[in-house]
Amino acid sequence: MSNPKGNEGFLDFHVPTAGKACQTWYTTFGDYKPGTRALVVLHGGPGISHDYLNPISDIASSYGIPVIMYDQLGCGNSTHLKEKYGDGSFFNIQLFLDELDNLLEKLGIKDDYDILGHSWGGMLASEHAIRQPKGLRKLIISCSPADMKTWIVVANKLRAELPEDVQETLKKHEADGTTETKEYEEAVNVYYERHLCRIKPFPDDMLLAFSKLKEDDTVSMTMNGPSEFFITGTLKEWTNVDRLHNIKVPTLLLNGKYDEAQDECVEPYSKKIPDCKWVKFANSSHSPLWEERKEYMKVAADFLRS
């Protein structure tokens, strides 16, 4: 199934501490115009471009709901800041909240919009919703942890189920600080094929996003770390569990049976958000938008139109 090309543009984003002019790249799908309610999609990573989320454009083409995607600062088509590598005081949650607010304001939709966030994007979306912005109508949190300590515990359980030689390779390179090697990458992919995306080979759009991440991993390494399960960055201690009750909009929570975001990772959203519906995809891991594409879009669209 091909993905349509959206209408693209750039938005100026003033960041005083960046040391240079910054822009956020965005693309729209469907009959989007200021004044219509659109679904704004937040990608994961942090620092992995929007490309792997391209199937969500189906919501526009099949259900008539305008969709807006963008690349967060530091990745994809937006301004890169390699000089900020390792600077956790620059690359932080507030920066990306400010960028989202800037996008909503400049696209003219801040008073009426929905959000879907995948993985890190769902974490960011929850932080946005906790602040109770007046224009947010509905929230979709897809495959996102509510607490990074729980995420790490779950990741270690899933790692323990990998073949022994793969586990030893991961441990060796993490201990030696050689996580940039091909051997480590191949061992990580064994985990990813089980818990990130179970489609073989990985879809082209996902491979494109990974290739862009390889070219510039500044945001990812600063905030996350060398892999989905070896967390060394500033998000290592992050949690929103004690603030989720502040989310007052209807919320749809999604994850997959084989997801690295296992039930214990996402359950706090279901328990703490007053109006939250939870749907679990039986044949998916961390990428149900690919693994069960049609059903994922139907579930999301039905919620948005309800």
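A polar contact, for this tour, is a pair of N or O atoms within 3.5 Å; within protein, one must be able to donate a hydrogen and the other to accept it, and residues adjacent in sequence count only if both atoms are side-chain atoms. You're looking at a predicted model, so local features need pLDDT of at least 70 and side-chain atom pairs count only at pLDDT 80 or more, while totals for chains, interfaces and linings use all residues. Residues are numbered from 1 along each chain as its sequence is written, and side-chain values use heavy atoms, with hydrogens and water left out.

**Whole chain**

Start zoomed out, in cartoon view. The protein has eleven helices and eight strands (DSSP runs, H or I of at least four residues for helices and E of at least two for strands, numbered from the N terminus). Its radius of gyration is 18 Å, close to the 19 Å that the globule rule gives for 306 residues, so the protein is as compact as a globular protein of that length. That radius is taken over C-alpha atoms, and the rule is 2.2 Å times the number of residues to the power 0.38. Along the principal axes, the C-alpha trace spans about 55 × 45 × 40 Å.

Of the 306 residues, 58% count as buried (under 20% relative accessible area; exposed is over 50% and partly exposed is in between, with a 1.4 Å probe and protein chains only). Among contacts (heavy atoms within 4.5 Å) with a separation of 6 or more, 74% are between residues 24 or more positions apart.

**Thr 24**

Now select Thr 24, in strand E2 (residues 23-29). Thr 24 is buried, with a relative accessible area of 1%. Show side chains, and you'll find a polar contact of 2.7 Å between those of Thr 24 and Glu 99. Leaving aside neighbours within four places in sequence, the residues touching Thr 24 include Phe 10, Tyr 70, Ser 78 and Leu 103.

**Two cis prolines**

Jump to the loop between strand E3 (38-42) and helix H1 (58-63), where Pro 46 sits. Check the peptide bond from Gly 45 to Pro 46: it is cis, with omega near -5°. Next, go to Pro 201, in the loop between helix H6 (182-195) and helix H7 (204-215). The bond from Lys 200 to Pro 201 is cis as well, with omega near -10°.

Select Arg 131, in the loop between helix H3 (120-130) and strand E6 (136-142). Arg 131 is partly exposed, at 45% relative accessible area. A polar atom of the Arg 131 side chain lies 2.6 Å from the backbone oxygen of Glu 127. Not counting residues up to four places away in sequence, Arg 131 touches Gln 94, Leu 97 and Arg 243. If you draw a distance from Arg 131 to Ala 209, 78 residues apart along the chain, their C-alpha atoms are 30 Å apart.

Step along to Gln 132, in the loop between H3 and E6. Phi of Gln 132 is near 55°, a positive value in a residue other than glycine. Gln 132 is partly exposed, at 44% relative accessible area.

**Cys 143**

Is Cys 143 buried or exposed? Cys 143 counts as buried, at 0% relative accessibility.
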